[in-house]
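Let's walk through this fold together, one question at a time. Have the sequence and the 3D view ready.

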Amino acid sequence: TQNCSKRSSIPIVENKEYYSVSYTQRLMYMSQLLHEKSNAYNIPMIFEITGDLDIDRLINTFEKLIQRHEILHTSFYVIDNNIVQKIEEAQFIPFEYIEVSEDKAPEIIKRAIQPFNVKEYPLYRTLLLKIGQNKHVLFFDMHHIITDGVSFNIVIEDLMNIYKGKEITPLKIQYKDYSEWHNKFMQSEELINQEKYWLDKFKGDIPKLSMQLDFQ
């Protein structure tokens, strides 16, 4: 059996103009180009905010959030037939602020969920709606190439803590560190050995799956 108990730390990579993308990012990039008008890779979140809202503080919070997570100010390029990522200057693109009746909010948000162009920065979109006295709706949309469900929860938690003025621990690594480590691992002897193990395990005649189907 393979030893799966080993752990390895992800090193911080040296500063470069471009970094390799992970396998998942490569898939997202190519899939979006094949379906340019699709919003299937959008990950939108909608938050209803009641009570006093300090808009200047919210803007400052987003600025700190973008600065904290490099992936939120990352752009993607194709260089020598390779998809790469570049860490851009951390600059928050201000959200659009609209005063609207509450019944009109869903329609506006629905229109805001538009496909992203993975060739252009930024790959997030924000919108703030004022729908009543001390009542707002915050719309925050990101492309799947820079986030996933777990990562989004981390970002939102950071967003709330920064707005509240809480101290948050500096990040030890960024996504570019993971993607560079991941690509090296995918070409490592360890992975080659794992591949060989499973190819050997399933060589020869493989029994037909006998699971019953409800339809073809």
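Q: Is Trp198 buried, partly exposed or exposed, and why?
A: Buried means under 20% relative accessible area and exposed over 50%, with partly exposed in between (1.4 Å probe, protein chains only). Because its relative accessibility is 46%, Trp198 counts as partly exposed.

A quick note on the model: it is predicted, so local features need pLDDT of at least 70 and side-chain atom pairs count only at pLDDT 80 or more, while totals for chains, interfaces and linings use all residues. Residues are numbered from 1 along each chain as its sequence is written, and side-chain values use heavy atoms, leaving out hydrogens and water.

Q: Which helix holds Trp198?
A: Helices here are DSSP runs (H or I, at least four residues) and strands are E runs of at least two, numbered from the N terminus. Trp198 sits within residues 189-201, which is helix H6.

Q: What is the strand order of the open sheet of 4 strands?
A: Strands pair if DSSP finds at least two bridges between them. The edge strands, each pairing on one side only, are S2 (42-50) and S5 (96-99). With mixed pairing, the order is S2-S7-S6-S5.

Q: How many bridges join S2 to S7?
A: S7 covers residues 135-143, and the two strands run antiparallel. Thr50 stands opposite Lys135 in S7. The number of bridges joining S2 to S7 is 9.
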